Amino acid sequence: TRSAGVSQLIENARILELPLNGRDVTELITLAGGAVQMGSRGILGTWISVGGGLGYGTEYKLDGASHLDFTSGTGMPMPFPDALQEFKVETSGLTADHGNASSVGAVTKAGTNVFHGDLFDFVRNDLFNARNYFATVNSTLKRNQFGGTVGGPIAKNKVFFFGGFQ
C-alpha cells in the first residue's frame, strides 16, 4: 500500500541510544522535520507544534488508542525508553483515521515466545562533573533512575506478556 503522508519513524535503537534529559521520550519528537517545541506547561506537559499546527492540535496515540490529556491539550507522558518499540511523527498528507490533526503515535514492546528483559540504572551525579569555576558552593545533583523490563510467553504462540518499571 502507498500513502501520500509525510512522516518520520523513530525506531528502538535511536530511542535507546540518543541522550535524553530525564529519559523523557517526548523530547525525541522534535527530531522529525516540522516538529517544534512551543512551550512548556510545567507538570502538565509540553506543547509541540507538528507540521505548522497549533501546539494543542497534535493528536497523540499509544498502541492505537488516544493518549491525549484533554484538560491541557498536551500528550500524556510516554512510557520510558526501554518499554517503547517505536514512535512515528506524521506531519502532513494524513489519512482519514487521523482526523484533522498532525499525529504522534507510539507503540510499546510486546512479549514473544522467548523470555527476554533488561535491568538498568542511570546515574547523574555531580561527582562525575567538573565544578563550575565561578560556583561558590558545590552542586547537589544526585539522580538515579533504575528499573527494568521483562517479557515472554504465557501460552506458546498464543498469549504473551510484557511489563516494565522505572
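View 1. At 32% relative accessibility, Glu11 counts as partly exposed, a class that lies between buried (under 20% relative accessible area) and exposed (over 50%), as found with a 1.4 Å probe and protein chains only. Arg14, at 30% relative accessibility, is likewise partly exposed. Glu11 and Arg14 form a salt bridge in which the closest N and O atoms are 3.4 Å apart; the term stands for a side-chain nitrogen of Lys or Arg within 4 Å of a carboxyl oxygen of Asp or Glu. This is a predicted model, in which local features need pLDDT of at least 70 and side-chain atom pairs count only at pLDDT 80 or more, while totals for chains, interfaces and linings use all residues. Residues are numbered from 1 along each chain as its sequence is written, and side-chain values use heavy atoms, with hydrogens and water left out.

**View 2. The salt bridge between Asp82 and Arg23.** The side chains of Asp82 and Arg23 meet in a salt bridge, with 2.3 Å from N to O. Asp82 belongs to the loop between strand S7 (74-75) and strand S8 (84-92), and Arg23 to the loop between helix H1 (12-17) and strand S2 (35-40), so the pair ties together parts that are 59 residues apart in sequence. Helices (H or I, at least four residues) and strands (E, at least two) are DSSP runs, numbered from the N terminus. Asp82 is buried, with a relative accessible area of 7%, and Arg23 is buried as well, with a relative accessible area of 11%.

**View 3. Strand S4 and the side chains along it.** In strand S4 (residues 59-62), Glu59 and Lys61 point one way, whereas Tyr60 and Leu62 point the other way, and all are buried. The side chains of Glu59 and Lys61 meet in a salt bridge (3.8 Å, N to O), and a search of the whole structure finds three salt bridges.

**View 4. The neighbours of strand S4.** S4 pairs with strand S9 (residues 103-108) in the parallel sense over four bridges, where two strands are said to pair if DSSP finds at least two bridges between them. The bridge partner of Glu59 in S9 is Ser103. S4 and strand S5 (residues 65-66) run antiparallel and are joined by two bridges, with Lys61 standing opposite Ser66 in S5. S4 and S5 form a hairpin with two residues between them, and Asp63 in the turn has a positive phi of about 55°.

**View 5. The open sheet that contains S4.** Five strands form an open sheet in the order S1-S8-S9-S4-S5, and the pairing is mixed. Strand S1 (6-11) and S5 stand at the edges, each with a single partner strand, so one side of each is left without a neighbour in the sheet. Six bridges join S8 to S9, and these two strands run antiparallel; Leu84 has Thr108 in S9 as its bridge partner.

**View 6. The chain around these close-ups.** The chain holds one helix and 12 strands, and its C-alpha trace spans about 60 × 45 × 30 Å along its principal axes. Of its 166 residues, 33% count as buried.
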